[in-house]
Amino acid sequence: MNNSLTSRQLFRRSRIRLALWYALVMGGILGVFSIGLYHALVQSRWTAMEREIESIAGTLHDSLKPMLPTSGDPTIVLHRILPELCLVARPCNPHPTLIQRHTTGISDRSIYALQLFNRDGILLAFSPNQPLSPSLDARPWQTLQTPEGIRYRQFTIILHMAHAHPHADGISDHHLSWGYLQLGRTLATFDAETQRIQWTLLTSVSIALLLVVGSSWWLSGLAMQPIYHSYQQQQQFTTDAAHELRAPLTSLLATAEAALHVSPANKQELQTILQTIERQGRRLGDLIADLLLLTSLEDSGRTVPVSPCCLTDLVLDLVEEFAEPAAAASVELRPQLPGGDVYVMGNEPQLYRLITNLITNAIRYTPSGGQIEIGLEVRHQSACIYVKDTGIGIAKTEQRRIFDRFYRIDSDRSRKTGGTGLGLAIAQSIARQHHARLRVESEVDRGSIFTVEFAQTLPHSASTTTC
Ligand code: ADP
């Protein structure tokens, strides 16, 4: 009870640890993915915004270029062509509607800010709000912040004079330029959009993380289930094995104790007791050998050597071998074989053991006067060996359980006849190792048929009847 509690706790702890690892790994992947997505989204919006600024600045440049005065005071001309801009050192009283006529793209003054500098970097005109940067910084891209805390992305473009061809005849940009145009765009909408993306991702990642935690718990439970099941089976097997070993050991010790009280002169009784001890010891030995065999059969990492095995010889050998025990039990044993030899790939000693167990059971559970048929049949590529008896039969409800370790329908009868309760479990394990199917058909008081069906026979095997 205590042991099972600790093992349950151990499995629970392992499940929690597994779920945490699942959640950590899946959460990590989700985190990396969402950071990547966030950067991609922000970057694409940033690039789109810069392209928009660049394109408006280019349009403005092209519209202004033919109208720019080549000499004299530019402010008068500027006031005429851009009446909505404030001119430096003049009172600023722009007409709000005019700006829309000239530059539809920058009509919203709260979004865009325009500045014009002359060739020497002196500010000439600016949008009717504070100039973003009164002194010229000719770097193409800058991010600025107004004293009110509004961020702007600003693009600077050289205003070329009309009819000037940049870079022609080795004349520098500076000599051909009229001045500089700076177009700034507020980052308020961009920042708001970025924040919206942040919130959306944060919310969806949090929900996804909750789902990840839930599914991790469920998945770890699913992963632990077969391990827990196998652990329980192992525990059950250990308990059953200990129980099975204790019974013959106790009776062996009791017999040995009885022998101690027999007078040495009573040779006859001593002889009988020693024979009993020998029989009990042999039974104990058989049980231990069966246990070891079953453990080794279920060791999935172990590979057994296989070679072509002649099933016809196997049936004939076993019929011959069991002729005597069958005669002793007063049952008739007869083979039923196809015309030719039938071969399968397998481990010969194991196949002998499989059929031996079936024949032993048939003899054990068939009353005297009964018949046992050991047959071999071939259909297309598959081969069947069957052991058919006219014995006590097995009830439908028991037919699935008889392949469980230590399961006996009638324990007393089985023990009396020398059964360990492992015979069919061993047979089932061997069949599985050979990719064969072991099945039973039985009717109480009429008899049973145990069939081993091998999926594949080797070429040149005889093909006669059907399984
Ligand atoms: P055991 O060593 O007790 O025979 P097995 O694993 O070989 O153990 O068989 C399990 C149980 O199945 C037996 O106890 C018996 O009740 C039943 N059984 C197996 N073979 C037959 C059969 N041919 N006829 C009737 N009952 C059978």
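Select Arg-405 together with Phe-237: in this predicted model, the charged end of Arg-405 sits over the ring of Phe-237, at 4.2 Å from the ring centre. Then select Arg-15 and Trp-217, where the charged end of Arg-15 likewise sits over a ring, that of Trp-217, 4.0 Å from its centre.

Because Trp-141 belongs to strand S4 (residues 141-145) and Phe-155 to strand S5 (residues 151-160), the pair ties together parts that are 14 residues apart in sequence. Trp-141 is partly exposed at 22% relative accessibility, whereas Phe-155 is buried at 9%.

Now select Phe-403 and Phe-450, an edge-to-face pair with 6.4 Å from centre to centre and 70° between the planes. Phe-403 lies in the loop between strand S11 (382-389) and helix H10 (411-416) and Phe-450 in strand S13 (residues 447-454), so parts 47 residues apart in sequence are tied together here. Phe-403 is buried, with a relative accessibility of 13%, and Phe-450 is buried at 7%.

For an aromatic cluster, select Phe-11, Tyr-228 and Tyr-231, which form one together.

Finish at Asn-347, in the loop between strand S9 (343-346) and helix H9 (348-364). Is Asn-347 buried or exposed? Its relative accessibility is 9%, so Asn-347 counts as buried. Leaving aside residues up to four places away in sequence, Asn-347 touches Val-304, Pro-305, Val-306, Cys-309 and His-434.

Key: Residues are numbered from 1 along each chain as its sequence is written. This is a predicted model: local features need pLDDT of at least 70, side-chain atom pairs count only at pLDDT 80 or more; totals for chains, interfaces and linings use all residues. Side-chain values use heavy atoms; hydrogens and water are left out. Helices (H or I, at least four residues) and strands (E, at least two) are DSSP runs, numbered from the N terminus. Buried means under 20% relative accessible area, exposed over 50%, partly exposed in between (1.4 Å probe, protein chains only). Contact means heavy atoms within 4.5 Å. Rings of Phe, Tyr and Trp (its six-membered ring) pair if their centres lie within 6.5 Å; planes under 30 degrees apart count as stacked, over 60 as edge-to-face and the rest as tilted. A charge sits over a ring if NZ of Lys or CZ of Arg is within 6 Å of the ring centre and within 35 degrees of the ring normal.
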